[in-house]
Amino acid sequence: MSKLSVNPQPGAGAEVTGVKLNQLSDTDFQEIQSVFAEYGLIFFRDQELTEADHVAFARRWGNININRFFAAHKDYPEIALVTKEAGQAENIGGDWHTDHSYDHEPALGSILLARDLPPSGGDTWFVSMYKAFEQLSDGMKNTLRGLRAVHSAKHVFGAQQGYELAGDEFGQRIGNAPATEEMINPVHPVVIKHPLSGKEALYVNSAFTLHFEGWTPEESAVLLEFLYKEAVREDHISRFKWRPGSIAFWDNRATWHNAQNDYPGYRREMHRITIDGCALAAST
Ligand SMILES: [Fe+2]
């Protein structure tokens with residue numbers, strides 16, 4: 001009999017215990033699917049997954065999205081390496097954001113697995129975009145439901161921008177910056193009807209959202225800054241402490257994450273597999 005148990009976290013997400021992801025029954029998988037839709041974020045502990053196990057688990061959720069910017073595992077192109085070397089100052093994803101909002105069909109989410117950890121630090125923080133929307137006034141909710149926003153990757157991954165200006169001393173990217181010039185900035189609803197849960201979620205983020213459609217960046221900044229501040233209220237944050245065998249699986253359409261860069265002098269290597277998503281519909 002299944003020993004699967006779901007422990008909701010006080011900030012965001014739920015921890016699922018009592019399962020081995022490399023020996024998962026169909027019944028337990030279906031249960032995990034419903035937990036994922038409900039919380040948009042699942043934590044697992046003490047998993048012993050090989051790279052092949054990691055890929056196999058990811059495939060149960062959909063097509064794997066091969067990362068266009070970051071280097072892959074040499075034997076498993078499906079696995080993107082999220083590494084910070086001991087001598088490296090910058091980390092990847094060190095501000096609040098959601099991945100892939102710059103795509104017309106943003107990726108569903110990522111399954112991130114710890115491979116090499118510093119003795120302490122390097123936590124990943126998460127917040128729920130369901131909660132971020134839920135806590136707003138009815139007046140603000142109605143205003144946001146009528147808005148759409150333009151997103152872009154160019155200022156982050158483009159030539160002579162963001163990551164490229166920071167350099168690539170450790171060969172962690174694949175030199176694909178010029179490809180961002182071909183990308184057409186998508187426009188997404190500001191409040192989406194989540195494709196798995198049907199719940200309303202706030203869908204803007206400080207990394208990739210440029211402005212509201214039909215608004216100037218300056219006009220947009222006032223409201224966006226308010227939303228960004230409210231979304232990360234202290235009591236809404238889950239601070240995930242990684243241990244060997246830990247996994248975080250987040251939904252990009254229901255959460256933000258923020259990788260802490262507080263372990264100078266130590267190496268950290270994570271394996272990330274991203275699942276394809278779909279176009280996002282407005283909540284009403
Ligand atoms: Fe990220």
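Three bridges join strand β8, residues 148–151, to β9, and the two run antiparallel. Strands here are DSSP runs of E with at least two residues, helices are runs of H or I with at least four, and both are numbered from the N terminus. Two strands pair if DSSP finds at least two bridges between them.

Before I go on: this is a predicted model, where local features need pLDDT of at least 70, side-chain atom pairs count only at pLDDT 80 or more, and totals for chains, interfaces and linings use all residues. Residues are numbered from 1 along each chain as its sequence is written.

Back to the strands. V150 has V187 in β9 as its bridge partner. Both strands belong to an open sheet of three, ordered β9-β8-β12, with antiparallel pairing. β9 (187–189) and β12 (209–212) are the edges, each with a single partner strand, so one side of each has no neighbour in the sheet. On average, neighbouring strands of this sheet are turned by 35° against each other, direction ignored; the axes are lines fitted to C-alpha atoms.

Now the whole protein. How many helices and strands does the protein have? There are seven helices and 16 strands. The radius of gyration, taken over C-alpha atoms, is 18 Å, close to the 19 Å that the globule rule gives for 284 residues, so the protein is as compact as a globular protein of that length. That rule is 2.2 Å times the number of residues to the power 0.38. The C-alpha trace spans about 50 × 45 × 35 Å along its principal axes.

Note on methods
Axes are lines fitted to C-alpha atoms, for helices over the stretch in contact, and angles run from 0 to 180 degrees between N-to-C directions.
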